[in-house]
Amino acid sequence: MAVDMELEAVLRPIQYPMVPYPPKVITLANGKKMVIRQAMREDVPAILKSVHPCLFIERDYYDIVSARLYGELLAWYRYRVKSEYCLMGQVDGYLVGVVNGRLEDEKVGMSYHTLAIDRGLRIGSHLFAAKMEYHIEYLNQDAVLIVAESPIGFRRWMVEYPLEATKIPHELGGGDSYRLTREIYLKAKPRLVVGDRPVPQDLMDEAMADIKFADDNTIRERIAGLKGR
Amino acid sequence: MRDVAIIGAGMIPFGRRDEDTLMEMLAYAALKALDDAAQSDTGHVLPPIDAVYVANMGGGMLQRQTAIASSLVDRLSLMPAAAETIENGPASGASAVKNGLLAIASGYYDCVLVVGGEKMREVTGWRATDFVATMTHPQAEYPYGITLPGMAGMFTRLYMEQYGVTREHLLAISLKNQEMGTLNPYAHVEMALDRDGIFDSPHSIVNNPVTADPLHLYDLCPVSDGAAAIVLCSLELAKKLSKPPVLIAGFGQATDTQTLQEREDPTDLKAVTIAAQKAFAMANLTPADIHVAELHDAFTILEIAESEHVGFFPKGEGGKAALAGKTRLGGQIPINVSGGLKARGHPVGATGVAQLVDIVWQLRHELPANRQVQGAKNGLTVNFGGFGNNVLAFVLKRVEQ
């Protein structure tokens with residue numbers, strides 16, 4: 001599709017400058033090493049392939065989270081959202097989870113979604129923590145606005161941190177926002193934010209190579225199968 | 001009193017069975033046990049099912065469904081068989097088996113079906129924890145917010161102080177049972193744990209957080225859906241079947257105070273000791289005669305404590321034995337080769353029956369080599385109700401044809 005760059009200059013939102021998220025590695029409960037790194041815009045088509053099968057999983061609100069994440073990533077890919085970023089978790093090169101968000105302004109972040117494609121290993125918790133780490137420690141923001149679409153999200157974010165309730169609307173249009181402040185983040189950090197830097201070169205090379213994906217059936221089984229947690 | 005044997009055993013995979021109703025799960029497990037018995041009945045000697053006992057703890061609260069046994073006999077077209085639902089907390093399964101056993105031993109019934117099942121995953125973890133906590137004392141415990149994990153945490157702390165149990169000992173149970181779960185197709189949790197990931201690494205603080213100090217996430221069993229069933233008849237009749245009968249050689253049941261603080265020594269699980277002693281006495285066997293055991297490890301500390309209270313190890317030695325590998329497959333006394341509640345899962349009403357199913361498979365030597373205790377002839381189960389205030393133990397024995 002031809003792109004009219006003159007028109008694009010009008011349609012594309014401005015972008016705040018964003019320092020890159022430095023990758024880190026986390027040892028999971030099964031001993032596997034998960035690399036969390038920032039996704040590049042050109043990674044989006046590959047990531048969407050893993051998000052796609054989740055669109056049809058009703059369990060634990062995977063369908064709505066996946067559908068919205070899919071749209072958000074596509075909007076980022078096509079330059080239709082302001083200052084969005086995406087972090088992803090990879091184990092042995094395989095994509096196991098995705099988180100995204102954006103900058104509402106230079107001091108306030110807007111958390112979007114957390115999608116764990118492999119379950120039972122607290123991958124979602126680690127990725128959400130990385131997202132908060134990015135906003136507070138690297139983008140130097142004062143607060144992040146967050147809503148949960150699933151009871152699991154509510155337990156993991158609102159209760160575990162714990163976040164403060166506000167009356168501020170969230171752009172996802174659901175319930176009122178909860179807020180992570182710098183103070184809340186720093187208090188929760190010792191028990192919820194982990195990871196080692198720098199990532200060993202062999203792991204980094206594996207993560208930066210072509211992103212690997214489980215097949216659709218495997219993804220559905222991991223999320224919604226009998227053993228799903 | 002007639003000797004009673006298990007002639008059919010069946011189970012459905014435990015896990016999160018969103019697609020099945022409680023009644024469907026019970027029916028699937030029942031059909032598997034009935035089919036197992038029927039395959040053995042090449043001479044067509046088995047009589048119709050006289051009675052059905054169904055173990056279930058939460059149908060009334062979680063599914064708004066009562067009179068579950070009456071519904072199941074209809075679902076299975078087993079009318080006019082007698083039918084009763086047995087609710088005895090997490091020991092409901094073993095209680096239902098006991099009722100079936102006594103009914104046949106008395107001579108009143110000839111063939112009985114016992115089914116245990118629970119559907120716990122259709123509510124949130126918080127509600128499931130609250131539902132299980134309803135078994136605690138209604139005035140002295142429950143109103144103050146006690147939960148079973150909380151109780152187990154306090155019990156563990158006391159056990160650590162009195163008997164030197166350490167997190168390393170608890171860890172040995174988690175690692176062993178989840179490793180065995182990876183080999184069991186019926187297990188809810190089929191994920192081996194890594195010591196670094198849940199203990200040594202600083203990242204373990206997130207992977208394996210404190211749940212009820214000093215217990216961590218992987219010290220607890222999962223909340224599961226599942227069902228299991230067995231068929232009982234007299235040993236005399238069972239000997240006419242093709243598969244080796246498994247004799248219920250002994251059983252024991254004992255109770256204790258409902259609240260832990262009323263016990264002279266809260267670390268002394270008297271009901272476990274008494275139930276096991278009764279079972280051993282009836283079977284005319286000792287702990288040293290047991291080749292495989294399924295103990296009620298809803299929390300890792302319970303496998304250690306029960307292994308001592310039933311007489312496998314002296315008090316204070318259970319944790320060390322686990323750490324030394326004595327309770328692994330191939331060890332001195334393999335415990336929870338199925339993965340136990342820790343990995344197979346703990347659908348409360350199903351657990352007591354599932355323990356017997358696993359031991360039946362062991363004693364018939366039907367399991368794959370990586371799960372089979374070679375030459376096993378005698379097995380033990382312990383089903384632990386409340387926090388040790390209502391306990392049942394069974395000693396099973398392989399009968400050579």
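**Labels and the values behind them**

Author: P198(A) sits in the loop between α6 and α7 (201-208) of chain A. Keep in mind that this is a predicted model.

Reader: What makes the peptide bond between R197(A) and P198(A) cis or trans?

Author: Its omega is about -5°, and the bond is cis. Chain A has another cis bond, from Y161(A) to P162(A), with omega near -15°. P162(A) lies in the loop between α5 (151-159) and β7 (164-165) of chain A. Most peptide bonds are trans.

Reader: Why is N140(A) called partly exposed?

Author: Its relative accessibility is 43%. Buried needs under 20% and exposed needs over 50%. N140(A) therefore counts as partly exposed.

Reader: Which class does H44(B) fall into, buried or exposed?

Author: H44(B) has 70% relative accessibility, so it counts as exposed. Its phi is also positive, about 55°, although H44(B) is not a glycine. The residue is in the loop between α1 and β2 (51-55) of chain B.

Reader: And H203(B), buried or exposed?

Author: The relative accessible area of H203(B) is 2%. The cut-off for buried is under 20%. H203(B) is therefore buried. It lies in the loop between α8 (195-200) and α9 (204-207) of chain B.

Reader: What is H203(B) in contact with, beyond its neighbours within four places in sequence?

Author: V25(A), I26(A), T27(A), V194(A), G195(A) and D196(A).

Reader: How do you know whether A130(A) is buried or exposed?

Author: A130(A) has 0% relative accessibility, so it counts as buried. The residue is in helix α4 of chain A. Not counting residues up to four places away in sequence, A130(A) touches Y21(A), K24(A), I36(A) and L87(A). The C-alpha atoms of A130(A) and M88(A) are separated by 9.5 Å, with the two residues 42 apart along the chain.

Reader: Stay with α4(A). At what angle do α4(A) and α6(A) pack?

Author: Helix α4 (residues 123-138) and helix α6 (residues 182-192), both of chain A, pack at about 135°, and their axes are 11 Å apart. That angle makes α4(A) oblique to α6(A). Roughly antiparallel would need over 145 degrees. The crossing is left-handed.

Reader: Which residues of α4(A) and α6(A) meet?

Author: A129(A), M132(A), E133(A), I136(A) and E137(A) of α4(A) meet R182(A), Y185(A), K189(A) and L192(A) of α6(A). The contact has five nonpolar, no polar and four charged residues.

Reader: Why are α2(A) and α3(A) called roughly antiparallel?

Author: Helix α2 (residues 44-51) and helix α3 (residues 62-77) of chain A cross at roughly 170°, with axes that come within 10 Å. Angles over 145 degrees count as roughly antiparallel. So α2(A) and α3(A) are roughly antiparallel to each other. From α2(A) the contact takes V44(A), P45(A), I47(A), L48(A) and V51(A); from α3(A) it takes S66(A), L69(A), Y70(A), L73(A), L74(A), W76(A) and Y77(A). These divide into eleven nonpolar, one polar and no charged.

Reader: Now chain B. How do α6(B) and α12(B) cross?

Author: Helix α6 (residues 148-163) and helix α12 (residues 300-309) of chain B cross at roughly 55°, their axes coming within 10 Å. Roughly parallel needs under 35 degrees, and roughly perpendicular starts at 65. That makes α6(B) oblique to α12(B). The crossing is left-handed. A152(B), F155(B), T156(B) and Y159(B) of α6(B) make the contact with I301(B), L302(B), A305(B), E308(B) and H309(B) of α12(B). By class there are six nonpolar, two polar and one charged residues.

Reader: Which residues have the most contacts inside the largest nonpolar core?

Author: L113(B), F299(B), L380(B) and F387(B), in a core of 92 residues. Helix α1 (residues 22-40) of chain B gives the most to this core, with nine residues. Leaving aside neighbours within four places in sequence, F299(B) contacts L148(B), P149(B), A152(B), L215(B), D219(B), L220(B) and F387(B). Another core, of 57 residues, lies apart from it and includes L73(A), Y85(A), V99(A) and L145(A).

Notes:
Residues are numbered from 1 along each chain as its sequence is written. Chains are lettered from A and ligands numbered from 1 in the order in which they are written. This is a predicted model: local features need pLDDT of at least 70, side-chain atom pairs count only at pLDDT 80 or more; totals for chains, interfaces and linings use all residues. Side-chain values use heavy atoms; hydrogens and water are left out. Axes are lines fitted to C-alpha atoms, for helices over the stretch in contact, and angles run from 0 to 180 degrees between N-to-C directions. Helices (H or I, at least four residues) and strands (E, at least two) are DSSP runs, numbered from the N terminus. Angles under 35 degrees count as roughly parallel, over 145 as roughly antiparallel, 65 to 115 as roughly perpendicular and the rest as oblique. A crossing is left-handed if the near helix is turned anticlockwise from the far one by less than a right angle, and right-handed if clockwise. Contact means heavy atoms within 4.5 Å. Ala, Val, Leu, Ile, Met, Phe, Trp, Tyr, Cys and Pro count as nonpolar, Asp, Glu, Lys and Arg as charged, and the others, Gly among them, as polar. A nonpolar core is a set of buried Ala, Val, Leu, Ile, Met, Phe, Trp, Tyr and Cys residues joined through side-chain atoms within 4.5 Å. Buried means under 20% relative accessible area, exposed over 50%, partly exposed in between (1.4 Å probe, protein chains only).
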